[in-house]
Amino acid sequence: MNEVYLVAGMAGVTFFIRYIMHPASGRVEFPKLLERMLAYVPPAVLSAIILPAIIYPSGKAQMVSMENPYLIGGIGAFAVGWWTKNLLATIVAGMGIFLAWQWFLG
Amino acid sequence: MWAKGNFTMEPPQPSQMQTTAAETRGSPSAEFFAGARDTFPLVVGAAPFGIIFGTLAGTAGLSFWAAMGMSVFVFAGASQFIAAGMVAIGTAWPIIVITTLIVNLRHLLYGASMVPYYKTLPRFWKIVLSFGLTDETFAVAIRRYRKKDNSDHKHFYNLGSMVFMYSNWNLCTLVGLTMGKTFPGIATLGLDFAMPATFIGMVIPYLTKSPMWASVITAGSVALMTNSLPHKIGLMIAALSGVATGIIVELMCERNCSR
């Protein structure tokens, strides 16, 4: 892994996004539609990461079964999160359910 | 820094934030400390995630310096988590950089909102404040800028908020990394599940309206269908499909949805 490129690249694009409007201001009009589209970006990216992570825990084999603690933990975390609307409670309960299930399966 | 479910141009209205000490005074140092003080609740909220990021980064396969470097130079929590997750599954670095760009695109809106307030500042200030324009500092600082008093030092308030968030984030990353090193067994305990668990918690606040549900379900399903594609390009396809679905449903809803 080229970690230097990774960190430099991430830092570069993030700063670029945060800064670019200042030198560009007055010259570009921010399209309203783009603005509304951007609101979907974080949850779409997050769920595109979550689903494969809990359904393909090894990266290759699909595991839609009770034998898969990632799936059970994910469902549990969602239920707790939906109920409490509390980020920290979601993580702690999700981890707890995941670990308990893993232990239960041996 | 954390996705809070509020990425519109209007800043969130955190109810716990009351008056600012800087309203009456307005000296640079008074503004600075008022900014830090008003950011305190958000610092408390961000702390556990800095620690989790530090511990996860190790188990994901990032070196100490790469993880620390992200917090020092990138300073964008959600994208750092996603990057760590992508490193763990062996994603090529250019894909991670492009993903970072897309995940952080919402900061364009923050930058745009700050244009009228940063306009008169010297370039050095614009650079520093832009670097620290996280979700939290944006939310706190924009409220100060929009207050009607004529303080000439509101940018010090912004700076105070940013410095507090930044020191906290880096300290917590360091604590997390150290914990991960001191207890190497921590990796086999299933901490790798902390990331999906955190992400699930971050998605839930968004799930209020049908376009968002459609977007999230589409992104998740497409990600599953494209899971076997190389370099995790399936992730990009899935995210873009989700965004497209969301905006299409939203536009359709404007005309047809009865609420």
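## Burial and the basis of the model

A residue is called buried when 20 or more other C-beta atoms lie within 10 Å of its own, exposed when there are 12 or fewer, and partly exposed in between, with C-beta atoms placed from the backbone. This is a predicted model, in which local features need pLDDT of at least 70 and side-chain atom pairs count only at pLDDT 80 or more, while totals for chains, interfaces and linings use all residues. Residues are numbered from 1 along each chain as its sequence is written, and chains are lettered from A, with ligands numbered from 1, in the order in which they are written.

## Two residues with positive phi

Most residues other than glycine have a negative phi. A:Lys85 has a positive phi, near 55°, and is found in the loop between helix H5 (69-84) and helix H6 (87-105) of chain A; helices here are DSSP runs of H or I with at least four residues, strands are runs of E with at least two, and both are numbered from the N terminus. With 12 other C-beta atoms within 10 Å, A:Lys85 counts as exposed.

In chain B, B:Phe75 also has a positive phi, of about 55°, although it is not a glycine, and it belongs to the loop between helix H2 (64-74) and helix H3 (77-88). B:Phe75 is buried, because 25 other C-beta atoms lie within 10 Å.

## Chain B and its helix H11

Chain B contains eleven helices and zero strands, and buried residues account for 51% of its 259 residues.

Helix H11 of chain B comprises 24 residues (233-256), and at 1.5 Å a residue it should span 34 Å, which agrees with its end C-alpha atoms being 34 Å apart; the expected span is 1.5 Å times one less than the number of residues. Among its buried residues are B:Leu235, B:Ala239, B:Gly242 and B:Glu250. The buried residues of H11(B) pack against helix H3 (32-38) and helix H4 (41-55) of chain A, and also against helix H4 (93-103) and helix H10 (210-225) of chain B.

## The nonpolar core

A nonpolar core is a set of buried Ala, Val, Leu, Ile, Met, Phe, Trp, Tyr and Cys residues joined through C-beta atoms within 7 Å. The largest such core has 103 residues, and those with the most contacts inside it include A:Met10, A:Ala44, B:Ala84 and B:Ala239. Helix H1 (residues 28-60) of chain B gives the most to this core, with 13 residues.

Not counting residues up to four places away in sequence, A:Met10 touches B:Met70, B:Val74, B:Ser79, B:Ala83, B:Val97 and B:Thr100.

Technical notes: Two residues are in contact if their C-beta atoms, placed from the backbone, lie within 7 Å.
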